[in-house]
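Visitor: I'm new here. Could you walk me through this one, a question at a time?

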Amino acid sequence: MTGLLIRLLIPNWQNTDNPAVRERYGKVAGITGVVTNFLLAVLKFVTGWLFSSIAIMADAVNNLTDSASSVVTLIGFKLSGKPADAEHPYGHARIEYISGMIVSFIMVMLGFQLAQSSVEKIIVPEESTFTWVTIAILIASVLAKLWQGMFYRTMGKRISSTTLMATATDSINDVVATSAVLLGVLITLFTGVNLDGWLGLAVAVFIMISGVRLVKETSQPLLGMAPSKELVESVYSKILGYDGVIGLHDLEVHS
């Protein structure tokens, strides 16, 4: 399905070295994220409110933040596609790294706020009631986020995008978080044991850990990370493949 969307929505989709095509990939990914995450957030907000579940509400806020992150991704790709100018002779492509870092910081702040709400519910618990409708909504959410993660990963690999790969990781993390909420709902439904506050806290901690890890991953290129061994070997092989070249040294890579 991802391949079909790419062919339908991205003209000249195979030419990923073209800045305009790359920007188009970012726009398609960003708009898809905004729409799908917003719909999931609304669905979970309503469900969490109806059944007084902090865990489902936490998952809804997580999806809403993902929607906001997709807006950041859209803006980042738009700005990174600007051509080089006198003040930025190497272009504006590093804005993509900055947008990825913003997504990471949003995740950390969100996780902290959700942790506070979950601790409050653990201290002063409220009764939560669930139905099979709740379970169906959570299962649909897990499947939607799983597709979303694979979609972002495919798009990110095609254009070697740090931002989209970070967003793919975030989507896969959401699968784990929503699955934990689903497990808690099933336990409550069949045993009557209310784990809502504890599961909300677990989701919050999971979000914060993922955010911190993504901050590290997205900051490395900005700090001048060394090229991978595979990239260095490919450059050496390419250069030494030309007639007359007998050697090379002091390879420097500017991202």
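Visitor: Is D174 buried or exposed?
Guide: This is a predicted model, where local features need pLDDT of at least 70, side-chain atom pairs count only at pLDDT 80 or more, and totals for chains, interfaces and linings use all residues. Residues are numbered from 1 along each chain as its sequence is written, and side-chain values use heavy atoms, leaving out hydrogens and water. Buried means under 20% relative accessible area, exposed over 50%, and partly exposed in between (1.4 Å probe, protein chains only). D174 has 2% relative accessibility, so D174 counts as buried.

Visitor: Which side chain does D174 meet in a salt bridge?
Guide: A salt bridge puts a side-chain nitrogen of Lys or Arg within 4 Å of a carboxyl oxygen of Asp or Glu. Searching the whole structure turns up one. Its N to O distance is 3.1 Å, and the partner of D174 is K145.

Visitor: How are the rings of W147 and F151 arranged?
Guide: Rings of Phe, Tyr and Trp (its six-membered ring) pair if their centres lie within 6.5 Å; planes under 30 degrees apart count as stacked, over 60 as edge-to-face and the rest as tilted. The count by this rule is two aromatic pairs. For W147 and F151, the centres are 5.1 Å apart and the planes sit at 20°, so the pair is stacked.

Visitor: And how buried is F151, as relative accessible area?
Guide: W147, at 23%, is partly exposed. F151 is buried, and its relative accessible area is 0%.

Visitor: What about the rings of F151 and Y152?
Guide: Their centres lie 5.8 Å apart. The planes are at 55°, so this pair is tilted.
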